[in-house]
Amino acid sequence: MVPDDYEQLYRRLTQQPLVTMPPLGSVKPMPARAELPSLPKLERRQDFLQPWTVPYPRNLFFTGREKILEDLRAALEASGRAALSGLGGVGKTQTATEYAYRHRKEYQSVFWTRAESRDTLLPDFVAIATALELPESAAQKQEEAVGAVERWLEANPGWLLVLDNADDLALARDFIPRDTQGHILLTTRAQATSVIAERVEIQEMETAEGALFLLRRAGIIARDAPPSAAFEGDRQLAEQISRELGGLAQVLDQAGAFIEEARCRKALGHDPETTLAGHEQRRGKMVHIASVPVFPCPSFRP
Ligand SMILES: Nc1ncnc2c1ncn2[C@@H]1O[C@H](COP(=O)(O)OP(=O)(O)OP(=O)(O)O)[C@@H](O)[C@H]1O
Ligand SMILES: [Mg+2]
């Protein structure tokens with residue numbers, strides 16, 4: 001008996017069906033090279049290799065300031081220099097950061113320096129020299145890197161240089177290159193900026209703007225939601241707080257963080273009087289801001 005017959009007989013006796021292997025499939029013919037779909041177009045090289053030394057992430061709660069951002073853009077386009085000037089804690093650094101993120105695609109490079117003192121400016125200029133791969137970045141004297149960066153800024157267009165917290169304008173002037181084709185943005189508490197740059201004033205937030213920031217920061221509404229997303233009572237209370245705190249962004253931020261914290265404590269049931277379940281029954285999915293004892297709270301008053 002040949003082996004094939006033996007297998008058939010064995011399968012019949014053990015009642016196993018005879019399995020025959022299917023023929024191998026054939027390879028599908030490939031379309032000609034010319035017919036292949038074109039690859040997706042990659043972003044410009046500068047989009048992912050852009051020298052960028054901004055030390056802050058984008059503020060996801062950034063609210064308002066549209067007119068100031070427009071004025072900054074206009075001043076920079078007109079004269080190449082703008083000084084964002086206002087009180088401490090009013091939002092200068094945040095607005096400059098937001099400007100850098102919003103317009104980053106319009107610049108080939110974006111550089112950030114902390115201009116509060118020579119001790120912060122020097123290492124930040126060395127960091128720029130490093131980002132630009134200038135040999136002077138490794139020089140022993142940090143001043144050599146500053147000189148090299150200034151020469152580079154004078155020779156190249158298409159960059160943004162931020163001097164943040166440049167309250168000492170005389171110091172800032174030492175670090176500003178002379179003849180440039182880029183944009184220089186200062187943030188400063190000083191008011192007499194005209195010798196250096198066109199002044200764009202930033203003031204405390206308007207009541208409605210401050211209230212919107214507070215509602216978002218406290219988690220009462222989503223980060224990108226309009227004021228109408230809040231209950232009328234919450235909106236009124238947020239406006240009252242915004243007014244009482246004088247629209248100072250830094251103080252509103254702290255108040256928002258406090259309210260959020262208090263809401264979370266209640267939500268976790270640490271407050272014996274109220275629990276999230278109780279609030280949810282009363283208020284749908286929302287926890288009511290009015291139930292949080294925000295006032296009196298002297299530490300938040302400016
Ligand atoms: N438009 C805004 N939206 C949301 N939050 C903001 C806004 N502006 C400022 N803040 C909040 O206020 C805080 C203080 O703002 P910022 O540091 O920009 O103030 P400043 O004017 O630069 O103060 P200083 O003069 O002390 O440098 C920020 O950390 C941020 O939490
Ligand atoms: Mg600042």
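**Reading the terms against the model**

Guide: Helix H8 is followed by Gly219, whose phi is positive, near 80°. The model is predicted.

Visitor: What makes H8 largely enclosed by the rest of the structure?
Guide: A residue is buried if 20 or more other C-beta atoms lie within 10 Å of its own. In H8 (residues 207-217), eight of the 11 residues are buried, so the helix is largely enclosed. They are Gly210, Ala211, Leu212, Phe213, Leu214, Leu215, Arg216 and Arg217.

Visitor: How many helices and strands does the protein chain have, and what share of its residues is buried?
Guide: The chain has 11 helices and five strands. Of its 302 residues, 32% are buried. Among contacts with a separation of 6 or more, 67% join residues 24 or more positions apart.

Visitor: Why does the span of helix H3 agree with what its number of residues should give?
Guide: The expected span is 1.5 Å times one less than the number of residues. For the 14 residues of H3 (residues 66-79) that gives 20 Å, and the end C-alpha atoms are 20 Å apart, so the two values agree.

Visitor: How do you know that the buried residues of H3 line one face of the helix?
Guide: The buried residues are Ile68, Leu72, Ala75 and Leu76. Seen down the axis of H3, they fall within an arc of 95°, and therefore they line one face. An α-helix has 3.6 residues a turn, so residues three or four places apart point the same way. On the other side of H3, the exposed residues are Glu66, Lys67, Glu70, Glu77 and Ala78.

Visitor: Against which elements do the buried residues of H3 pack?
Guide: They pack against strand E1 (81-85), helix H4 (92-102), strand E4 (181-188) and strand E5 (198-201). Just after H3, Gly80 has a positive phi of about 80°.

Visitor: What makes the phi of Arg65 worth a remark?
Guide: Most residues other than glycine have a negative phi. Arg65 is not a glycine, yet its phi is positive, about 65°. Arg65 is found in the loop between helix H2 (45-49) and H3.

Visitor: Is Arg65 called buried, exposed or partly exposed, and why?
Guide: Buried requires 20 or more C-beta neighbours and exposed requires 12 or fewer. Arg65 has 19 other C-beta atoms within 10 Å, so it is partly exposed.

Visitor: Why is Asn165 called buried?
Guide: The threshold is 20 or more. Asn165 has 20 C-beta neighbours inside 10 Å, and therefore it counts as buried. Asn165 lies in the loop between strand E3 (157-164) and helix H7 (169-174). Its phi is near 60°, a positive value in a residue other than glycine.

Visitor: Which residues of helix H9 are buried, and how do you know that they line one face?
Guide: The buried residues of H9 are Asp234, Arg235, Leu237, Ala238, Ile241 and Ser242. Seen down the axis, they fall within an arc of 165°, so they line one face of the helix. The face turned away from the buried side carries the exposed residues Glu232 and Gly233.

Visitor: What does the span of H9 show?
Guide: The 13 residues of H9 (residues 232-244) should span 18 Å, and the end C-alpha atoms are 18 Å apart, which agrees. Just after H9, Gly246 takes a positive phi of about 75°.

Visitor: Why is Leu248 called buried?
Guide: Leu248 has 21 other C-beta atoms within 10 Å, so it is buried. Leu248 lies in the loop between H9 and H10. Its C-alpha atom is separated by 5.1 Å from that of Glu204, 44 residues apart along the chain.

Visitor: What makes Ile196 buried, and with which residues is Ile196 in contact?
Guide: Ile196 has 21 other C-beta atoms within 10 Å, so it is buried. The place of Ile196 is in the loop between E4 and E5. Leaving aside neighbours within four places in sequence, its contacts are Arg81, Ala83, Leu169, Ala172, Arg173, Ile176 and Leu186.

Visitor: How do you know that ligand 1 lies between domain 1 and domain 2?
Guide: Domain 1 (48-201) and domain 2 (207-300) both give residues to the shell around ligand 1, so the ligand lies between them. Of the 20 residues around ligand 1, Gly91, Lys92, Thr93, Gln94 and Ala249 come nearest. The elements that give two or more residues to this shell are H4 and helix H10 (249-267). By class, the shell has five nonpolar, 11 polar and four charged residues.

Definitions and conventions: Residues are numbered from 1 along each chain as its sequence is written. Chains are lettered from A and ligands numbered from 1 in the order in which they are written. This is a predicted model: local features need pLDDT of at least 70, side-chain atom pairs count only at pLDDT 80 or more; totals for chains, interfaces and linings use all residues. Helices (H or I, at least four residues) and strands (E, at least two) are DSSP runs, numbered from the N terminus. Two residues are in contact if their C-beta atoms, placed from the backbone, lie within 7 Å. The arc is that of the directions from the helix axis to the C-beta atoms. A residue is near a molecule or strand if its C-beta atom, placed from the backbone, lies within 6 Å of it. Ala, Val, Leu, Ile, Met, Phe, Trp, Tyr, Cys and Pro count as nonpolar, Asp, Glu, Lys and Arg as charged, and the others, Gly among them, as polar. Domain bounds come from an automatic or database domain assignment.
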